[in-house]
Amino acid sequence: MKWHSIVVKLGASILLLVLAILLPLGFIMNQIFSGFYFSKVQEQIDDLSSRYAESINTLDRQHLNMFEQLATLTGQEIIIVNKEGVVVANSGIPSLPKGEKINSKEFDLLSINKATQKEYYDEINNRRYLSVGKPIYTDRVIIGGIYVLASIEDMYQSVDMIEKSVTLAGIGAIFLALGFIFILSRKLSNPLLEMEKATRKIAKGDLNTRVSKGTKDEVGSLAAAINDLALELQRYRSNRREFFANISHELRTPITYLEGYANALENNLYQSDEEKEQYLQIIQQEASRLSKLVADLFELSKMEEGKIDLHFESVDLVEVVENALIKTTIKAKEKGLQIDFNRLTNIPSIYADGLRMEQIVLNLIENSIRYTEKGTISVKLSKELNSIILAVEDTGIGIPEDDVPFLFERFYRVEKSRSRDFGGTGLGLAIVKQLVELQGGAITVKSKVRKGTCFELTFPINRGDVQ
């Protein structure tokens, strides 16, 4: 048995609690019962001894015999002593025969008109008595004393029976408590032991392990939390594998191009200077693509670890959009696309990082240009009660509805062929989402295949709303 286990601790705690209740309860019951019985007997013989003492005015043999016979009628024992403390009448106490002198200290108390009270044990008949003594006066002169003794043996026997009954009840209660403790402890500890085994399996990499929730209390909540942790770790492992697979694929493609065309140039595997120039151009493009991919990965990694520095200031989104349009106009014209910028007057400033906001707008506009073959790209700025809305909408190829929820994941592509056909690293929208949320904003997307896509960004106007 593990002495530090919760079963032992819980069992010991409950057992101590049971003992803490039973022991004082038994003691109090014993005191109440014995005290009540003792006081009743004491009151009875005290009254009886007073009446006897008042009724005696002489210690002649006739009176003494009468009181001895009276004692047999009342069920109490009587001892009468003369003024020297010598027993002159005894109704039935074997250890105090007639002619024997009683304890001088007790008689001295009677001599000064003080009643005595004590518990007396008769060694001959092995019985215990409660004794009350009173002085006897005649014409205000003490002539002796009378002791009335009531047997308290029955009381002690009753108390002993009660003590035994309480003890047996206590032992029974302890055994019942032990059974209850065992059942309760097992019921409480079994789920915890199951969770311990499950967490150890999860720690060793078995992420398919799950714990049964059982009850809806704190233990059930803990089991649910462990299951959520396992699920989250499983998702993390899956994402990590997918990430490494994607990054390997994204890196392998440009490296393959670089190796191939560099090898062609090294071995003069071209037929004209024009073809050589084309090979060099491809090498340059793939090197740029590789550099951009590494830069995006580095930046996204910093954002996810919270290590990116943002310089918050009051930003005019109209100016941000106009700067982005200047930089993207040439690309749009090369594809014959028209870019419209619609805005309301008096658009309030937002509290954000100006350079990062321009990076967001540039990325969205370039993304629209990349996936739009004809038509227009519209940029709209509008204002709601407490927020600014920036929308970038195109008339491009659109995105299937099933792919929209995964659009902001790293390296997610609607179609794998889009990577080579349209370029891009597959990280742009993931970076945009991170930057928007780091600046207290939100981004949503709506899209229809062959109709176009609309990205909508929302930023709070009030400075205090931005974290």
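Strand β1 (residues 77-82) pairs with strand β5 in the antiparallel sense over 6 bridges, where two strands count as paired if DSSP finds at least two bridges between them, and strands (E, at least two residues) and helices (H or I, at least four residues) are DSSP runs numbered from the N terminus. Within this pairing, Glu-77 has Leu-149 of β5 as its bridge partner. The model is predicted, with local features requiring pLDDT of at least 70 and side-chain atom pairs counting only at pLDDT 80 or more, whereas totals for chains, interfaces and linings use all residues. Residues are numbered from 1 along each chain as its sequence is written, and side-chain values use heavy atoms, with hydrogens and water left out.

Strand β5 also runs antiparallel to strand β4 (residues 127-138), to which it is joined by 10 bridges, and in β5 it is Val-148 that stands opposite Val-132. The hairpin of β4 and β5 has 2 residues between the strands, and Asp-139 takes a positive phi near 50 degrees there. Of the 11 residues of β5 (residues 141-151), 8 are buried, so the strand is largely enclosed by the rest of the structure; buried means under 20% relative accessible area, exposed means over 50%, and partly exposed lies in between (1.4 Å probe, protein chains only).

Helix α2 (residues 61-74) has 14 residues and reaches 20 Å from its first C-alpha to its last, close to the 20 Å expected at 1.5 Å a residue, the expected span being 1.5 Å times one less than the number of residues. Leu-64, Phe-67, Glu-68 and Ala-71 are buried in α2. Seen down the axis of α2, the buried residues fall within an arc of 105 degrees, so they line one face of the helix; the arc is that of the directions from the helix axis to the C-beta atoms. An α-helix has 3.6 residues a turn, so residues three or four places apart point the same way. The face of α2 turned away from the buried side carries the exposed residues Gln-62, Gln-69, Thr-72 and Leu-73, and the helix is followed by Gly-75, whose phi is positive, near 80 degrees.

Helix α4 (residues 153-203) contains Ile-171, which is partly exposed at a relative accessible area of 39%. Together with Leu-168, Phe-175 and Leu-178, Ile-171 forms a nonpolar surface patch with about 410 Å² of accessible area. Ile-162 is also placed in α4 and is partly exposed, with a relative accessible area of 23%.

The structure holds 15 salt bridges, each defined as a side-chain nitrogen of Lys or Arg within 4 Å of a carboxyl oxygen of Asp or Glu. One of them joins the side chains of Glu-196 and Arg-200 (3.3 Å, N to O), which both lie in helix α4, 4 residues apart, or about one turn of the helix. Glu-196 counts as partly exposed at 33% relative accessibility, whereas Arg-200 counts as exposed at 51%. Another salt bridge is formed by the side chains of Lys-335 and Glu-373 (3.5 Å, N to O). This pair links distant parts of the chain, 38 residues apart, with Lys-335 in the loop between α7 (317-334) and β7 (338-343) and Glu-373 in the loop between α8 (354-370) and β9 (376-383). Lys-335 is partly exposed, with a relative accessible area of 28%, and Glu-373 is partly exposed at 49%.

Notes
Patches are made of residues with over 30% relative accessible area and no salt bridge: like charges are joined within 9 Å, nonpolar side chains (Val, Leu, Ile, Met, Phe, Trp, Tyr) within 5 Å. Accessible areas come from the Shrake-Rupley method with a 1.4 Å probe; for residues, only the protein chains shown count as cover.
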